[in-house]
Every structure is written in C-alpha cells, then in structure tokens.
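Subject: Structure for your review

Dear colleague,

Please find below the structure I am handing over to you. I would be grateful if you could read the notes that follow alongside it.

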Amino acid sequence: MIELVFATNNQHKLEEIITAVGTKFKILSLDDIGCREDIAETAETLEGNASIKSHYIFDNYGKNCFGDDTGLEVEALDGRPGVYSARYGGPGHDHEKNMDRVLAELNGTDNRKARFRTVISLIIDGKEYQFEGCVSGEIMTERHGDKGFGYDPIFRPNGYHTSFAEMDLEEKNKISHRGKAMAKLLEFLQKGDF
C-alpha cells in the first residue's frame, strides 16, 4: 500500500482527505512523521504554496507526500481573497474574520459569483505532479450551517440550495474543489505511471 504524507496542520482538511481516499492509500499526517513545523506559505500563487509544502516534506523527511493550497476567488473582488484566503481578515487563520471581510466587501453588490480552487502538489520519488480542482458558486449574504470550515458557511455551490457548511462531508467531497483535485490525484496514483 502506498503511504503518502499530507503536508497540512489543518485537521479539517486531513479529515476530508482521509474520507475521500478511504482504504486505497495510507495517509500520514505531519504529526505521524514528527513534523512540528508550520511550513511558511510565501508564494504568490496557489500552485507555488502547494509546491512549497510538498518540497519541504520531501526535502526534510524523504517521504512521498502531497501538499495543497486553496483559495476563494470572488469575481466582484477581482479574484480576492485568492492566495490570501486563510488570512484575509488578518493574521491567525480566523475563519469568522475572513468571512466578515468578504461579506462586508460584497455588501450592496449584486454580482456574488465565486469559485473555490484547490491545487495539489504531489511528490513521488522526487518528481512533482500538480492537480487542480474547482467548484463555482456564489457568496451568500449571511452564514448558513455549522459543518465544514473556512468560508463554507457563506459559499453555495451552483445547482444547490445549501451552503457547503450545511452538507455532510461525503456529499461535499463529491462536488468540492478539494474533492475534484483529490479524484485526479487518486486516478493518477491508481494508474501508477510515475
């Protein structure tokens, strides 16, 4: 069975990935390999940040791994918060402040189109591969639901009447940006062309 380290300290992301992968592969956390560092995301793109995370683990721990970065891209905000999504409301990954800022900036705006985009960087035996997943939707005018994390309570995917925060994890994984990127990653791993 292939073992892969998922380069994240975010327990919510880890749970989503483990649920998506099932028993196909063994996913190790940073904790599992004794990595306590907070890997700095200093790139200006999602692709760059995902790559930084996976290279850090491979270079320092010698483990096959993957890292991801996700951004909420709001059309009326010229694609913001984008790569700055985690700290859009200020330092410290404060989900409530992040949502507050997006809602405030969209106040009075009719165009509420947005998309989540995830990029995964996989490193197997020193070679990097990238996979992207997107889901389009809109920013709601207020929070709905208490599941999920991040911007989930204010994001409603196209074709649904509920926010991501109102969906159970399996339903969300079927349509989410991270779920789509993971499906591409898993398909690649199952083919074994690396």
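Predicted model: local features only at pLDDT ≥ 70, side-chain atom pairs only at ≥ 80, totals over all residues.

The largest pocket

The largest pocket holds about 770 Å³ of space. Its lining consists of 36 residues, and those nearest the centre of the pocket are Asn10, Lys13, Glu41, Ala86 and His93. By class, 14 of the lining residues are polar, 12 are nonpolar and 10 are charged. At least two lining residues come from each of helix 1 (11-21), helix 2 (46-61), strand 3 (65-74), helix 3 (95-106) and helix 5 (177-191). Strand 3 contributes the most, with 4 residues.

After helix 5 comes Gly192, which has a positive phi near 75°.

Ser176 belongs to the loop between helix 4 and helix 5. Is Ser176 buried or exposed? Ser176 has a relative accessible area of 0% and therefore counts as buried, the cut-off being under 20%. The Ser176 side chain reaches the backbone nitrogen of Gly179 at 2.9 Å. Beyond its neighbours within four places in sequence, Ser176 is in contact with Val135 and Phe164.

Backbone angles to check

Most residues other than glycine have a negative phi, and most peptide bonds are trans. Against that background, three places deserve mention. The peptide bond from Arg80 to Pro81 is cis, with omega near 0°, and Pro81 lies in strand 4 (residues 81-82). Asp78, in the loop between strand 3 and strand 4, has a positive phi near 55°. Asp125, in the loop between strand 5 and strand 6, likewise has a positive phi, of about 50°. Where exposed means over 50% relative accessibility, Asp78 is exposed because its value is 71%. Asp125 is exposed because its relative accessibility is 64%.

With kind regards

How values were computed:
Residues numbered from 1 in each chain as written. Heavy atoms only, no water. 1 Å grid on protein atoms, 1.4 Å probe; cavity = no way out; pocket = protein on both sides within 12 Å on 5 of 7 lines; lining within 4 Å. Points joined across faces, edges and corners; volume = space filled by probe spheres on them. Nonpolar A, V, L, I, M, F, W, Y, C, P; charged D, E, K, R; others polar. Buried < 20%, exposed > 50% of the residue type's maximum accessible area, 1.4 Å probe, protein only. Polar contact = N/O pair within 3.5 Å; in protein donor to acceptor, adjacent residues only side chain to side chain. Contact = heavy atoms within 4.5 Å.
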